[in-house]
Amino acid sequence: MQELAGDDGNMLEEEPQIYGGFARVYDLFMDDIPYDEWFGYLQGLFKEYGIESGIVTELACGTGEMARRFSEAGYKMIGLDLSEEMLMVAREKCTEEVLLLHQDMRGFELHTQVAAMYCICDGMNYICSKEGLREVFHQVSLYLEDDGIFIFDMKTDYFYREVLGSRILADNRENASYIWENVYYEKEKINEYLLTVYEAAEAEGDLFVRTDELHRQRAYGLGEVRECLGKEGLSCIKIYDAFTRDAPTQESERVYFVVRK
């Protein structure tokens with residue numbers, strides 16, 4: 001799809017615009033995500049490390065499913081996302097008590113420090129360079145209270161290489177469908193997919209609107225992530241195979257990092 005380069009001095013091409021038209025149908029196609037279970041796991045980790053109340057910020061909050069749950073559990077929520085369209089959907093779900101911000105997590109600004117932050121559902125994989133990763137961690141370090149906790153997940157090289165690979169996926173619903181053309185560049189550890197979405201222009205009718213989005217994600221080694229965290233004054237205290245308290249294996253598809261300032 002695209003000519004790519006790694007962290008060897010060559011820059012990736014300009015980042016594509018994503019989650020525009022797809023935002024309107026995101027929840028339709030992601031209806032199999034067990035948000036309640038994910039929330040239970042994440043909240044359990046927070047409680048384990050002493051975060052039972054206070055202000056919590058979600059990076060790449062998407063359509064607000066997790067922010068809404070944390071708000072209902074009594075946390076004071078801030079959610080930020082680069083996609084205005086995703087935030088519009090989140091606004092329909094969340095009460096006015098949830099502050100939603102249109103910001104890039106590589107340079108976000110908050111009005112106060114917070115007790116905890118999190119970023120899940122591959123949000124960190126969209127940061128495709130170690131320089132960008134450090135930019136995120138730098139902002140986290142700025143706005144996280146001392147002893148605050150930052151939790152994020154990442155899909156692994158194993159997942160992109162062995163599970164997803166170079167495949168074509170598709171899903172067809174009554175008023176929308178998508179085609180997902182995936183390519184994984186093993187050398188650069190960049191996963192790239194062209195997402196073509198067809199959405200009905202009206203509730204009933206034969207006119208469909210087409211949207212094309214090019215998404216790009218990167219897999220990182222655990223050591224690379226630890227190094228970037230350490231350079232920004234953050235300590236990685238645990239890494240888990242997703243949704244467990246077990247250490248990652250070579251076949252882990254998603255891992256969770258627990259970080260303390």
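Reader: In what crossing does H5 pass H7?

Author: H5 passes H7 in a right-handed crossing. A crossing is right-handed if the near helix is turned clockwise from the far one by less than a right angle, and left-handed if anticlockwise. The model is predicted: local features need pLDDT of at least 70, side-chain atom pairs count only at pLDDT 80 or more, and totals for chains, interfaces and linings use all residues. Residues are numbered from 1 along each chain as its sequence is written, and side-chain values use heavy atoms, with hydrogens and water left out.

Reader: At what angle do helix H5 and helix H7 pack?

Author: Axes are lines fitted to C-alpha atoms, for helices over the stretch in contact, and angles run from 0 to 180 degrees between N-to-C directions. Helices (H or I, at least four residues) and strands (E, at least two) are DSSP runs, numbered from the N terminus. For H5 (residues 130–143) and H7 (residues 222–231) the angle is about 45°, with the axes 9 Å apart. H5 is therefore oblique to H7; angles under 35 degrees count as roughly parallel, over 145 as roughly antiparallel, 65 to 115 as roughly perpendicular and the rest as oblique.

Reader: Which residues make the contact?

Author: Contact means heavy atoms within 4.5 Å. H5 contributes Lys130, Leu133, Arg134 and Phe137, while H7 contributes Glu224, Val225, Cys228, Leu229 and Lys231. By class, this contact has 5 nonpolar, no polar and 4 charged residues. Here Ala, Val, Leu, Ile, Met, Phe, Trp, Tyr, Cys and Pro count as nonpolar, Asp, Glu, Lys and Arg as charged, and the others, Gly among them, as polar.

Reader: Which residues of H5 are buried?

Author: Buried means under 20% relative accessible area, exposed over 50%, and partly exposed in between (1.4 Å probe, protein chains only). An α-helix has 3.6 residues a turn, so residues three or four places apart point the same way. In H5 the buried residues are Gly132, Leu133, Val136, Phe137, Gln139, Val140, Ser141 and Tyr143. Their cover includes strands E1 (55–59), E4 (114–119) and E5 (144–155), together with H7.

Reader: At what angle do the axes of helix H2 and helix H3 cross?

Author: The axes of H2 (residues 35–48) and H3 (residues 65–72) cross at roughly 55° and come within 10 Å. H2 is therefore oblique to H3, and their crossing is right-handed. Among the contact residues are Trp38 and Phe39 of H2 and Met66 and Phe70 of H3. The contact divides into 7 nonpolar, 1 polar and 3 charged residues.
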